[in-house]
Amino acid sequence: MKTVQSENLFQKAQHLIPGGVNSPVRAFRSVGGTPRFIERGKGAYIWDADGNRYIDYVLSWGPLILGHAHEAVVEAIAETAAKGTSYGAPTRLENDLAELVIQAVPSIDMIRFVNSGTEACMSALRLARAYTERDKIIKFAGCYHGHADMLLVQAGSGVATLGLPDSPGVPNSTAAHTLTTVYNDLDQVRELFEQNPDSIAAVIVEPIAANMGFVLPQPSFLQGIHDLCKQYGAVFILDEVMTGFRVAPGGAQAEWNLDPDITCLGKVIGGGLPVGAYAGKRHIMQHVAPAGMMYQAGTLSGNPLAMAAGIATLRTLFDGGLFDDAKKLTAALINGLVEAAQSLGVPLQADSVGTMFGFYFLKTADAVIHDYASAKQHAHTERYAKFFHAMLERGVYLAPSQFEAGFLSSAHTMDDVQTTISAAQDSLTHLLSS
Ligand code: KE4
């Protein structure tokens, strides 16, 4: 596979941009090799600067649930742009996207749009602190909620990938208010509340831990957090930036009947343009300025182009069985990967929920990954790196890190899935013989 154009572009990029990328996980640091510079995408496919085509299971880390350059989204952006790109004033488009999200997600009464998932989670925690007049927050080791200082404590995603213990530049005084505990361990959450009965403002949690790979919540873990928050007067924040509109049209909370006080959103609701949001119960959201005193602002928040892309994405997604078709294909993909690994005796842990999936190559067949420590202990990252490149050579683009999730779109077909499964079988056979 020719990659000379990507190599040249990467060499130039590293001189201009730290690490040659505008987000660390794109640099292929944990899998090695040269990141592919992408020229264009259409449907389930992307093409790199050397003209190589890949079936894409990253989909911009989740947003492109309709696939690349969906005509409804492109048309909406073009039509909106022709009328102007930004006003710094309210538009009807913000009402329209707000209504779509509020109708889809039962726990949400009101929403505030921002420009990224980081902003959404950072603002949600400031709101929880303002509402409760408390300082401490609880997060889970290996969960990633963006790069705000107070959240870069034992974070997942790129921090896990790069093996950054805790990011330099975060003052100890900030980190001191962040209590970190073990995902899937409700007893530890209960203990933290018992030790800090009146000072915890919020618990923030990913409903699926998809920034340490793909770890499902154990039964009653999430509901247990909700109940402890109610008992101690803390705000229950569900970070659905990745799972929103991917696990189910109403998010993981609809799939598992959860009722968070605040939900963080991003990715899909922007249809590939920069959008994040924090949203939830009216009596809490009313504390956000200018309705209330908790300040949060943004020049391009609710930007018309991003709103138009999000509206077109959700309206298309909700119209017909697109979601269910993509969900079935996701399950077929994971089943195929499991069968391929089993046929070759390769230890694998794999799951899918809705249109998201994840898998770990395990160092030993009896290992089970259920939290960050076990993910770091049992994940065979070297095998993942080799598998990643073998699949890339066969035209399949997976996440360039063992500690990330994968995604399908409504543009993927059963042919794409079967091609991917065959490539996996061939890649594993090749790996085992080398
Ligand atoms: P952004 O600021 O990257 O839009 O969103 C932060 C965020 C918040 N919450 C969850 C659950 C997330 O997964 C993310 C971002 N996800 C990563 C991928 N695991 C984004 C990829 C990247 O950092 O380049």
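Predicted model: local features only at pLDDT ≥ 70, side-chain atom pairs only at ≥ 80, totals over all residues.
Helix α12, made up of residues 322-343, packs against α15 at an angle of about 20°, and the two axes lie 9 Å apart. Because an angle under 35 degrees counts as roughly parallel, α12 and α15 are therefore described as roughly parallel to each other. The crossing in which α12 passes α15 is right-handed. On the α12 side, the contact is formed by Leu-329, Ala-332, Leu-333, Gly-336, Leu-337, Ala-340, Ala-341 and Ser-343, and these meet Met-414, Val-417, Thr-420, Ile-421, Ala-424, Gln-425 and Leu-428 of α15.

As α14 passes α15, the crossing is right-handed. The contributing residues of α14 are Arg-383, Lys-386, Phe-387, Ala-390 and Met-391, which meet Thr-420, Ala-423, Ala-424, Ser-427, Leu-428, Leu-431 and Leu-432 in α15. The residues of the contact of α14 with α15 divide into eight nonpolar, two polar and two charged. Reading the two contact lists together, one finds Thr-420, Ala-424 and Leu-428 of α15 named in the contact with α12 and also in the contact with α14.

Helix α12 also holds Asp-324, a residue that counts as partly exposed because its relative accessible area is 45%. Asp-324 and Asp-416 are 92 residues apart along the chain, and their C-alpha atoms are separated by 17 Å.

The cysteines come next. A disulfide is a covalent bond between the sulfur atoms of two cysteines. How many disulfides does the count come to? The count is zero disulfides, the criterion being a pair of cysteine sulfur atoms within 2.5 Å. For Cys-143, the closest cysteine sulfur is that of Cys-121, and at 11 Å it is too far for a bond. Cys-143 has 0% relative accessibility and so counts as buried. Cys-264 is likewise in no disulfide, although the nearest cysteine sulfur, again that of Cys-121, is 3.8 Å away. The relative accessible area of Cys-264 is 0%, so Cys-264 is buried.

Pro-290 sits in the loop between α10 (282-285) and α11 (304-318). Ser-220 has a phi near 75°, which is a positive value in a residue other than glycine. The location of Ser-220 is the loop between β7 (200-205) and α8 (221-232), and with 54% relative accessibility Ser-220 counts as exposed. Lys-267 also has a positive phi, near 50°, and is not a glycine. Lys-267 belongs to the loop between β9 (262-265) and β10 (276-280), where a relative accessibility of 23% makes Lys-267 partly exposed.

Two further residues show how parts of the chain that are separated in sequence come together in the model. Ala-76 lies in helix α2, which covers residues 71-82, and is buried, its relative accessible area being 15%. Once neighbours within four places in sequence are left aside, Ala-76 is in contact with Ala-308 and Ala-312. The C-alpha atoms of Ala-76 and Ala-312 are separated by 6.6 Å, although the two residues are 236 residues apart along the chain.

Leu-152, by contrast, is found in a loop, the one between β5 (136-140) and α5 (158-162), and with a relative accessible area of 12% Leu-152 is buried. Beyond its neighbours within four places in sequence, Leu-152 is in contact with Tyr-144, Gly-146, His-147, Val-159, Asp-166, Ser-167 and Val-170. Leu-152 and Thr-178 are 26 residues apart in sequence, and the distance between them, C-alpha to C-alpha, is 9.3 Å.

Technical notes: Residues numbered from 1 in each chain as written. Heavy atoms only, no water. Left-handed = near helix turned anticlockwise from the far one by under 90°. Helix = DSSP H or I, 4+ residues; strand = E, 2+ residues; numbered from the N terminus. Contact = heavy atoms within 4.5 Å. Nonpolar A, V, L, I, M, F, W, Y, C, P; charged D, E, K, R; others polar. Buried < 20%, exposed > 50% of the residue type's maximum accessible area, 1.4 Å probe, protein only. Axes fitted to C-alpha atoms, helices over the stretch in contact; angles between N-to-C directions. Parallel < 35°, antiparallel > 145°, perpendicular 65-115°, else oblique.
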